[in-house]
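Take a slow look at the model below.

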Amino acid sequence: MSAMKHSLLTLDARTKKRNAAEKRFKACGLSAIVVAMLALVVLLVSVFGSGASAFRQTYIAIEVPFPEAKLDQSGVRDPDVMSQVTTLGYEPLLVDGLLAAIDAAGIATEMSDKDIGALISKEAPATVRNFVLANPDVIGSSATFDLLASGRIDGFFKGRVTMESAALDGNTSPEALQLAQDLRDAGIIQTRFNWNFLIAPDASDQRPEAAGLGVAILGSLYMMIVVLVLALPIGVAASIYLEEFAPKTWWTDVIEVNISNLAAVPSIVYGILGLAIFINFMEFNQSSPLVGGLVLTLMTLPTIIISTRASLKSVPPSIRDAALGVGASKMQSVLHHALPLAAPGILTGTIIGLAQALGETAPLLLIGMVAFVREYPAAYTPDAGLFGEASTALPVQVFNWTQRADPGFVERASGAIITLLVFLLIMNTIAIVLRRKFERRW
Amino acid sequence: MSTEDTIKISAKNVQVHYDDTHAIKDVNVEIADKAVTAFIGPSGCGKSTFLRCINRMNDTIDICRVTGEILIDGEDIYDKRVDPVQLRAKVGMVFQKPNPFPKSIYDNVAYGPRIHGLANSKSELDDIVENALRRSAIWDEVKDRLQAPGTGLSGGQQQRLCIARAVATEPQVLLMDEPCSSLDPIATVQVEELIDDLRKSYCVVIVTHSMHQAARVSQKTAFFHLGNLVEFGDTDKIFTNPEDPRTESYISGRIG
């Protein structure tokens, strides 16, 4: 102890040094947060910047004639006979309709009929054909359709395709874009909100304008149902047993360590496991949401078990003592007291596990969910069983679309990411709301 | 002192081990019915451990091993045929820290009767709850807010609620593990008065670290030291004329 007198009004060297260290530490923390926020902003801006337009789509409104001579020469209006006319037979009708619309609007163009027809999506004839087969009586009359514009025209109105890029593009030309612009001015071409992006199934490589997430969303939904139904009860039961009933022996220690390790196993390993067990050994259908759900269940179980055990552990022992003290059995003390108090934590863990499973891609690639699927999978069919029909999933659809050549798919992939993010956001919000609702103090 | 001579609990050669630690060494004691018996002694002397043997709460601790006999009404509670759950309905317990369930006041008291099937109807259950709350001297304070959460009461009220919860299952023995240690002096007085009242109907065993409290509420006192039951006798005698020098030094404040 030195008896040196020192004024409190001036800082001594040591205090100055400590204050400086504190300031540096704060600055480091702050800059870390700023970097993280910036990364997030860049991510969101780039995803939304290129993906938001997937939710808008360009349509051409034209009246399509249905001449009997071309569509039903037999005259019996039997859809089975009429289905002999393929989409190729419908294409000229659409072009006729468009030419008539151009004439009616008084737009002059020097393009060939074939080039004008290229304004319409290759998907459109199928739309018209399906309509005619479903309503054979329309033959002889005509009907007005909002038909998909081709990917390049759609891109033009979203700013992806320009006159300059069109001049170098084999699939379109500046004249076509000019015509499209004129048609838009005449009100024949419109760009509006695109429900089909969320509802329609995937489309082939040349038709990004028709591709939608319908099958992928359905597949992801089925898988989440499988995961929830299997992982929650199994995970909670396992945690309750391990936490409350299992004797603390060498064995339970081993199990505990392994569960923690399982949570860190790369997800693709679960895919290999699923391929070996569920597809090769148990012979479930490839690409089915059932197998996908089972694999994701295995992957989610450790997450649920760890969070459930943590929340059971955090229930104060005094509550268990109180229950045992009035003569409750071990099970009653767990079910009546510990479990309700742990419920918010369990729910949060489960939803976070589900969200993780929803965004998982790698294991699904291995079990064939990357296939091109245009049929909506049924939840149950006698042939394929429960959730047994081939399907894709949201993250796999993103993966799939990013690999395709047509630039239209960049927008689709980003749109799918936005959809995925929205689902994750909804799930996390549910987790927060549930936790708030069930949270109790003791 | 109206100490009756009926023996309710009788411990014979009780030994408790935690792994290698010998926590209770050969304790023999006979606890009278309709009286308050206090266990006193310095921290870590084993008084709480011994108390928890009487309703087999030590069973929940894996490493704890109990040998010897504890008889309640002549039946060995460590007999293989005894289900501790049934025992604990007969031997109620109040803990050091008030630990009401995070439920309503009503549900706190009604929980025991419900799981033991003591009430056949809602009105019977209402009666049991009211009765238990009255006997715990808290009825007047809570009768208008039975559906309010039990955790919202003050510390003293919470502890009396816990006593009501223990009383509601119609036990014959009430074990209290330092019931006033987390209460303020006024709440302590209330709980002590309640303990004195409860002795009319129950065999009460209380662990306390306050010698004054033992002197105020108990008829018999047992002094524990380092796992041994050093001295057991009438409270008056222990505090005025202890036989063992260790008891004397503890009471006079030289050890502990």
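One sorting rule comes first: Asp, Glu, Lys and Arg count as charged, while Gly is among the residues that count as polar, and Pro is among those that count as nonpolar. Keep in mind that this is a predicted model.

Now for the empty space. Rolling a probe the size of a water molecule over the atoms shows where empty space is left. A search of the whole structure finds 1 cavity of 30 Å³ or more. The largest cavity holds about 30 Å³ of space. Which residues line the largest cavity? They are Gly151(A), Asp154(A), Arg160(A), Pro208(A), Glu209(A), Gly408(A), Glu411(A) and Arg412(A). Sort this lining by the rule above, and you get 1 nonpolar, 2 polar and 5 charged residues.

Look next at the helices around the cavity. In chain A, α7 (151-157) and α19 (408-438) each supply at least two residues of the lining. The most comes from α19(A), which gives 3 residues.

Domain 1 of chain A puts 6 residues into the contact, and domain 2 of chain A puts in 6 residues. The size of an interface is often given as the accessible area lost when the parts come together. Here domain 1 and domain 2 of chain A bury about 410 Å² between them. Carbon and sulfur atoms account for 23% of that area. On the side of domain 1, three residues stand out: Glu123(A), Arg152(A) and Arg160(A) supply 72% of the area this domain buries against domain 2, more than any other three residues.

How many does the rule find between domain 1 and domain 2 of chain A? The count is 4 salt bridges. Arg152(A) meets Asp406(A) in a salt bridge, at 3.5 Å from N to O.

Glu123(A) also has a partner. It forms a salt bridge with Arg207(A), and their closest N and O atoms are 3.0 Å apart. Glu123(A) lies in the loop between α5 (113-117) and α6 (124-134) of chain A, and Arg207(A) in the loop between α10 (196-199) and α11 (214-245) of chain A, so the pair ties together parts that are 84 residues apart in sequence.

Finally, turn to the contact between the chains. Chain A brings 19 residues to it and chain B brings 22 residues. Together they bury about 1700 Å², 63% of it on carbon and sulfur atoms. Leu324(A), Val326(A) and His337(A) supply 31% of the area that chain A buries against chain B, more than any other three residues. Between chain A and chain B, the count is 0 salt bridges. Over all chains, the count comes to 34 salt bridges.

Note on methods. Residues numbered from 1 in each chain as written. Chains lettered and ligands numbered in written order. Predicted model: local features only at pLDDT ≥ 70, side-chain atom pairs only at ≥ 80, totals over all residues. Heavy atoms only, no water. 1 Å grid on protein atoms, 1.4 Å probe; cavity = no way out; pocket = protein on both sides within 12 Å on 5 of 7 lines; lining within 4 Å. Points joined across faces, edges and corners; volume = space filled by probe spheres on them. Helix = DSSP H or I, 4+ residues; strand = E, 2+ residues; numbered from the N terminus. Contact = heavy atoms within 4.5 Å. Buried area = accessible area lost by both parts, 1.4 Å probe. Salt bridge = Lys/Arg side-chain N within 4 Å of Asp/Glu carboxyl O.
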